[in-house]
Amino acid sequence: QADYFRSETKKSPVLLVDDLPAELDKAHRGRLVELISKLGCQVFFTATDPNLIETSHWNEGAVFHVEPGKIIAAK
């Protein structure tokens with residue numbers, strides 16, 4: 001879908017991936033994250049535990065903690 005979007009619009013998509021760890025085991029999650037990292041687009045992941053999303057495929061990124069009414073940059 002990301003490749004199709006790019007070919008049709010000549011723009012890079014933004015991917016929103018909600019609670020990936022709830023749906024996939026570690027092995028499948030790792031494979032999907034690696035594939036997504038090769039798309040060259042901006043990605044937002046949500047998870048209840050930030051350690052469950054492998055981010056080593058990206059050179060830069062940010063982690064935020066979201067609470068009702070608050071968004072806090074994690075250090």
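**View 1. S37 sits among the buried residues, with a relative accessibility of 18%.** Buried here is under 20% relative accessible area, exposed is over 50%, and partly exposed is anything in between (1.4 Å probe, protein chains only). This is a predicted model, where local features need pLDDT of at least 70 and side-chain atom pairs count only at pLDDT 80 or more, while totals for chains, interfaces and linings use all residues. Residues are numbered from 1 along each chain as its sequence is written, and side-chain values use heavy atoms, with hydrogens and water left out. S37 belongs to helix α3, residues 26-37. Helices (H or I, at least four residues) and strands (E, at least two) are DSSP runs numbered from the N terminus. What does the side chain of S37 reach? It goes to the backbone oxygen of E34, at 2.6 Å. That is a polar contact: N or O atoms within 3.5 Å, one able to donate a hydrogen and the other to accept it within protein, with sequence neighbours counted only if both atoms are side-chain atoms. Leaving aside residues up to four places away in sequence, S37 touches H57 and W58, a contact being heavy atoms within 4.5 Å.

**View 2. Helix α3 has a buried side and an exposed side.** R29, V33, I36 and S37 are the buried residues to look for in α3. They sit on the same side of α3 because they cover an arc of only 100° around the axis, going by the directions from the helix axis to the C-beta atoms. Over on the other side of α3, A27, R31 and L35 are exposed. What do the buried residues of α3 pack against? Their partners are β1 (14-17), α2 (20-23) and β2 (42-45). The 12 residues of α3 reach 16 Å from first C-alpha to last, close to the expected 16 Å; the expected span is 1.5 Å times one less than the number of residues.

**View 3. K26 of helix α3 and E54 have C-alpha atoms 9.5 Å apart.** Along the chain, K26 and E54 are 28 residues apart. K26 counts as exposed, at 67% relative accessibility.

**View 4. Two salt bridges turn up in the model.** The rule asks for a side-chain nitrogen of Lys or Arg within 4 Å of a carboxyl oxygen of Asp or Glu. R6 pairs with D3, with the closest N and O atoms 3.7 Å apart. Both R6 and D3 lie in helix α1 (residues 2-9), three residues apart, or about one turn of the helix. An α-helix has 3.6 residues a turn, so residues three or four places apart point the same way. R6 is partly exposed at 25% relative accessibility. The other bridge joins K38 to E34, with a closest N to O distance of 3.6 Å. K38 is exposed, with a relative accessible area of 63%, while E34 is partly exposed at 35%.

**View 5. F45 and W58 make up the one aromatic pair.** Their ring centres are 5.9 Å apart and the planes meet at 70°, so the pair is edge-to-face. For Phe, Tyr and Trp (six-membered ring), pairing takes centres within 6.5 Å; planes under 30 degrees apart are stacked, over 60 edge-to-face, and the rest tilted. Which parts of the chain does the pair tie together? F45 is in strand β2 and W58 is in the loop between β2 and β3 (64-67), so the parts joined are 13 residues apart in sequence. F45 is partly exposed, with a relative accessible area of 23%, and W58 is partly exposed at 23%. W58 is also one of the residues that S37 touches.

**View 6. K10 and D19 have positive phi values.** K10 is not a glycine, but its phi is about 60°. Find K10 in the loop between α1 and β1, where it is exposed with a relative accessible area of 68%. D19, also a residue other than glycine, has a phi near 50°. D19 lies in the loop between β1 and α2 and is partly exposed at 24%.

**View 7. Zooming out, the protein has three helices and four strands.** Along the sequence they follow the pattern α-β-α-α-β-β-β. The C-alpha trace spans about 35 × 30 × 25 Å along its principal axes. Of the 75 residues, 19% are buried. Among contacts with a separation of 6 or more, 49% come from residues 24 or more positions apart.
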